[in-house]
Amino acid sequence: MKLAPVAQRLGGNRFILDEEEPHIVVNQELAKSTGTAERIIAACPAQVYSLGADGNVAVEYAACLECGTCFELADPGALSWHYPRGGFGVQFREG
Ligand code: SF4
């Protein structure tokens with residue numbers, strides 16, 4: 001069985017954005033000084049994180065797949081991550 005490209009498969013997901021309470025907040029100073037920034041930018045499968053022009057970590061939390069990888073890779077205090085509130089976040093679709 002041949003699978004469609006990852007971007008195409010992820011494109012079928014639906015994201016319900018919680019604009020009042022982001023579920024990801026980066027402590028910019030700690031993220032940069034501990035190496036957390038490089039790790040989460042490299043590891044996130046949804047490319048939620050990127051390095052902004054100002055040198056800070058930009059976060060597009062609306063595309064988060066809620067896999068928890070960044071939470072596992074972050075040094076203590078560098079990243080606040082929790083599941084979105086009920087009714088928000090990713091809804092996976094097949095096909
Ligand atoms: S939980 Fe997964 S998809 Fe979401 S930001 Fe972290 S690494 Fe990316």
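Contact is defined here as heavy atoms within 4.5 Å. Helices (H or I, at least four residues) and strands (E, at least two) are DSSP runs, numbered from the N terminus. Buried means under 20% relative accessible area, exposed over 50%, and partly exposed in between (1.4 Å probe, protein chains only). The model is predicted, so local features need pLDDT of at least 70 and side-chain atom pairs count only at pLDDT 80 or more, while totals for chains, interfaces and linings use all residues. Residues are numbered from 1 along each chain as its sequence is written, and side-chain values use heavy atoms, with hydrogens and water left out.

An α-helix has 3.6 residues a turn, so residues three or four places apart point the same way.

Ala-37 illustrates the covered side. This residue of helix α3 has 5% relative accessibility and counts as buried. Beyond residues up to four places away in sequence, Ala-37 touches Ala-31, Lys-32 and Val-57. Its C-alpha atom is separated by 23 Å from that of Leu-17, 20 residues apart along the chain.

Gln-28 is found in helix α2 (residues 28–34). Leaving aside neighbours within four places in sequence, Gln-28 is in contact with Asn-56 and Val-57. A polar atom of the Gln-28 side chain lies 2.7 Å from the backbone nitrogen of Val-57. This falls under the definition of a polar contact: a pair of N or O atoms within 3.5 Å, where within protein one must be able to donate a hydrogen and the other to accept it, and residues adjacent in sequence count only if both atoms are side-chain atoms.

A nonpolar core is a set of buried Ala, Val, Leu, Ile, Met, Phe, Trp, Tyr and Cys residues joined through side-chain atoms within 4.5 Å. The largest such core has 19 residues, and those with the most contacts inside it are Ile-24, Val-48, Tyr-49 and Leu-79. At least two residues of this core come from each of β2 (24–26), α3 (36–43) and β5 (79–81). Not counting residues up to four places away in sequence, Ile-24 touches Val-48, Tyr-49, Val-59, Tyr-61, Cys-64, Leu-79, Ser-80 and Trp-81.

Cysteines were checked next. Cys-64 is buried, with a relative accessible area of 8%. Cys-70 also counts as buried, at 10% relative accessibility. The count of disulfides (a pair of cysteine sulfur atoms within 2.5 Å) comes to 0.

Charged pairs followed. A salt bridge is a side-chain nitrogen of Lys or Arg within 4 Å of a carboxyl oxygen of Asp or Glu. The whole structure contains 4 salt bridges. Asp-18 pairs with Arg-85, with the closest N and O atoms 2.7 Å apart. Asp-18 is in the loop between β1 (14–16) and β2, and Arg-85 is in the loop between β5 and β6 (89–91), 67 residues apart. Asp-18 counts as buried at 5% relative accessibility, whereas Arg-85 is partly exposed at 33%.

Arg-85 also forms a salt bridge with Glu-20, at 3.9 Å between the closest N and O atoms. This pair ties together parts that are 65 residues apart in sequence, because Arg-85 lies in the loop between β5 and β6 and Glu-20 in the loop between β1 and β2. Glu-20 counts as exposed, at 72% relative accessibility.

Asp-75 and Arg-39 meet in a further salt bridge (2.3 Å, N to O). Asp-75 lies in the loop between α4 (69–73) and β5, and Arg-39 in helix α3, so the pair ties together parts 36 residues apart in sequence. Asp-75 is partly exposed, with a relative accessible area of 26%. Arg-39 is partly exposed too, at 30%. Salt bridges that share partners join Asp-18, Glu-20, Glu-21 and Arg-85 into one network.

Backbone torsions gave two positive phi values. Gln-47, not a glycine, has phi near 55°. Gln-47 is found in the loop between α3 and β3 and counts as exposed at 66% relative accessibility. Glu-66 has a positive phi of about 60°. The loop between β4 and α4 holds Glu-66, which counts as buried at 18% relative accessibility.
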